[in-house]
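Dear colleague,

I am handing over the structure below, and after it you will find my notes on what was found. Please read them with the structure open beside you.

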Amino acid sequence: VLLGWALYRAEYLEITPVATRTVVEEMPDAVVIFDDRDRVNEWNQAAQSLFEVSDPSVGMPATSFFELVSSDVRPQLLAGDRTSSQITLEIDGRTRQFSVSKFAIETGQTPIGRAIVLRDISELKRRENQLLAQNERLEEFTDIVSHDLQSPLMQIRSSAQAATATGDVTRVNRVIPATDRIDELVTDLLKLARTGRQLDMEVPVDLDEMAHTAWSHVWSPSGELVIETNRTVI
């Protein structure tokens with residue numbers, strides 16, 4: 001019985017290190033394990049490929065394992081803290097972002113080494129930047145909607161005020177073109193929002209024409225429009 005139990009126990013205990021090595025080796029994330037003297041004890045294929053280590057060996061210095069990493073990034077990998085961070089690496093002429101997680105390896109309360117895990121978050125960062133760009137376009141779109149709708153709304157308001165103050169209902173005729181303008185703006189802006197194009201097109205504006213257009217939307221019986229320039233601006 002004792003012999004059978006011993007054989008069973010030995011076989012059971014053998015599974016754990018084998019399973020651990022298998023999991024680490026099959027992980028898509030790069031894993032490197034150091035001892036307390038910054039010597040490499042273990043690594044997986046993902047780490048060897050990422051850092052382009054041609055002939056790694058147990059006990060090699062961590063600085064040698066990370067030899068191809070830029071001097072400004074290497075200290076972040078070798079630092080003994082347990083914090084998580086993000087780094088950028090140039091791989092095959094392409095910039096890729098990685099999250100770096102560090103874990104202490106201890107026996108009881110005694111630290112005997114540490115492990116670092118690097119996960120490729122390039123696609124996540126690309127998506128994040130894409131969402132930030134979309135938010136910027138949305139803010140720009142909101143500003144344009146607010147600005148462009150002000151003009152016809154002011155025309156409707158001023159026409160209604162003029163009709164109320166003077167009793168001249170002909171001034172209400174300006175309301176119809178203003179509502180048509182709002183309808184055009186809404187249609188164009190919805191089309192612009194669906195296509196997702198950036199609002200960066202610039203066109204020249206004639207100040208004389210723009211001033212007369214703006215003045216036509218203002219009810220000011222005692223006022224007079226005076227234009228002293230014929231300049232065009234962009």
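R96 counts as buried, at 18% relative accessibility, where buried means under 20% relative accessible area, exposed over 50% and partly exposed in between (1.4 Å probe, protein chains only). This residue forms a salt bridge with D120, the closest N and O atoms being 2.7 Å apart, and the pair links distant parts of the chain, with R96 in strand β4 and D120 in strand β5, 24 residues apart. D120 itself is partly exposed at 37%.

Please bear in mind that this is a predicted model, in which local features need pLDDT of at least 70 and side-chain atom pairs count only at pLDDT 80 or more, while totals for chains, interfaces and linings use all residues. Residues are numbered from 1 along each chain as its sequence is written, and side-chain values use heavy atoms, with hydrogens and water left out.

A salt bridge here is a side-chain nitrogen of Lys or Arg within 4 Å of a carboxyl oxygen of Asp or Glu, and by this rule the count comes to six. Among them is the pair of R119 and D29, whose side chains meet at 2.8 Å, N to O; R119 is partly exposed at 49%, whereas D29 is buried at 9%. Another joins R39 to D35 at 2.6 Å, N to O, with R39 partly exposed at 32% and D35 buried at 8%.

L89 touches, among others, L50, F51 and R96, not counting residues up to four places away in sequence, a contact being heavy atoms within 4.5 Å.

Note on methods
Helix = DSSP H or I, 4+ residues; strand = E, 2+ residues; numbered from the N terminus.
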